[in-house]
Amino acid sequence: MDLLINQNLFIIITILLSSSFSMGLGNEIQNLGQYPLVVSTWPFVEAVRAAWRAVDNGLSAVDSVVEGCSACEELRCDGTVGPGGSPDENGETTIDALVMDGTTMEVGAVAAMRYVKDGIRAARLVMQHTQHTLIVGEKASNFVISMGLPGPTNLSSPESTAKWVKWKDNGCQPNFWKNVLPANSCGPYHPRKLPSFVEGTCSRGSVGGIPSTSSHIDLQNHDTISMAVIDHMGHIAVGTSTNGATFKIPGRVGDGPIAGSSAYADTEVGACGATGDGDIMMRFLPCYQVVESMRLGMEPKLAAEDAIMRITRKYPNFVGAIFAVDKNGVHAGACHGWIFQYSVRSPVMEDVQVFTVLP
Ligand SMILES: *[C@@H]1O[C@H](CO)[C@@H](O)[C@H](O)[C@H]1NC(C)=O
């Protein structure tokens, strides 16, 4: 009798606890133990569907995240992922991509890769067939072509070429140079002599042109697919793919292929994906921060907000966003400087749902 009452009490308390817990979570979905799960930056719905089909059919988290990001590359999501997107100063499109296995902590990545359109598959080749983590430039192209990926391919498209011609006609403005001459036209550039400050009279942010703003980073010229997948086993993987910033200085590598910055996963804890001004974000490793905060017990929402705040404290004009998902599938987003959307597919959803996060 006692035992029965205790059991009933236990059930009632459990129900009470779990319902108040979900209410407290706001727009986060309580998805305890209900794998698989796919989360991605932006309303890249088709990419999430592709990853979902893969993981629902029993593929691993790594292979599913590759299927998802690959779909984005083929669809050229927002014109900034895959071939034919964001040209650099020379009009060339290059690819940055990363994949991370949150169970083994293995990472594979390519950066500034030329002539090959399959960024995320290239990243997986680095992870699965080398002891390295990151291979760059034309050497990365040679490696992945030797391992069977199609190429060399012309990554320019009529759109990326037209965009670049227009930018050249506009005096190569805006661009990513600072403290150079000429200031308002195309290069070649040379360093502008900086005034030397006497200690104590240094005024930050004016003459020296110090703090970088994100004024020319926006949806059109910079974003990344960053995706997390939890598979049937509860294993977590993340992947990213991007062309990097439009009109970047050739050779520039942003946060996309940097583990801990654009994405991070640990099957014991959860995962994170980031997008935005990668040149700033990669100085803070925000996704590493998010996962480590969650490891210490922080809710995904707080962990994401905290990681954003660590950046805005130093760069108040920074533009970027983060999603966080814990190993139980509780997800949340945080952003600064723009409205952020991320997409989710879980077993309790009929189709992909898009969540909107306000700064
Ligand atoms: C690559 O494609 C672009 C746009 O379609 C074109 O303008 C360019 O000439 C091509 N480059 C080469 C080397 O074929």
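Me: Leaving aside its neighbours within four places in sequence, with which residues is Gly254 in contact?

Reply: This is a predicted model, in which local features need pLDDT of at least 70 and side-chain atom pairs count only at pLDDT 80 or more, while totals for chains, interfaces and linings use all residues. Residues are numbered from 1 along each chain as its sequence is written, and side-chain values use heavy atoms, with hydrogens and water left out. Contact means heavy atoms within 4.5 Å. Once neighbours within four places in sequence are set aside, the contacts of Gly254 are Asp96 and Met282.

Me: Where is Gly254 found, and is Gly254 buried or exposed?

Reply: Helices (H or I, at least four residues) and strands (E, at least two) are DSSP runs, numbered from the N terminus. Gly254 is found in the loop between strand E8 (236–242) and strand E9 (263–266). Buried means under 20% relative accessible area, exposed over 50%, and partly exposed in between, with a 1.4 Å probe and protein chains only. Because its relative accessible area is 1%, Gly254 is buried.

Me: Which residues does UniProt list for "binding site"?

Reply: UniProt positions are given here in the numbering used for this model, feature names are shortened, and annotations may be inferred rather than shown by experiment. The entry is unreviewed, and for "binding site" it lists Arg252, Val253, Gly254, Asp255, Thr275, Gly276, Asp277 and Gly278.

Me: In which helix is the place of Gly278?

Reply: Gly278 counts as buried, because its relative accessibility is 0%. Its place is in helix H7 (residues 278–281).

Me: Which residue does the UniProt annotation "active site" cover, and is that residue buried or exposed?

Reply: In the unreviewed UniProt entry, the annotation "active site" covers Thr224. Thr224 lies in the loop between strand E6 (190–191) and strand E7 (225–230). Its relative accessibility is 1%, so Thr224 counts as buried.

Me: Which residues does Thr224 touch, not counting residues up to four places away in sequence?

Reply: The count leaves out residues up to four places away in sequence. Those that remain are Thr41, Trp42, Phe44, Thr240, Ser241, Thr242 and Thr275.

Me: With which side chain does the side chain of Ser241 make a polar contact?

Reply: Ser241 is found in strand E8, and it is buried because its relative accessible area is 0%. Among the residues that Ser241 touches are Val81, Ile95 and Thr224. A polar contact is a pair of N or O atoms within 3.5 Å; within protein, one must be able to donate a hydrogen and the other to accept it, and residues adjacent in sequence count only if both atoms are side-chain atoms. At 2.7 Å, the partner of the Ser241 side chain is the side chain of Glu73.

Me: Which backbone oxygen does the side chain of Asn175 reach?

Reply: Asn175 lies in the loop between helix H6 (158–169) and strand E5 (180–181). Asn175 is buried because its relative accessible area is 11%. Its side chain makes a polar contact with the side chain of Tyr189 (3.4 Å). At 3.1 Å, the side chain of Asn175 also reaches the backbone oxygen of Cys172.

Me: How far does a polar side-chain atom of Asn154 lie from an oxygen atom of the ligand, and what is the distance in Å?

Reply: The distance between a polar side-chain atom of Asn154 and an oxygen atom of the ligand is 2.3 Å.
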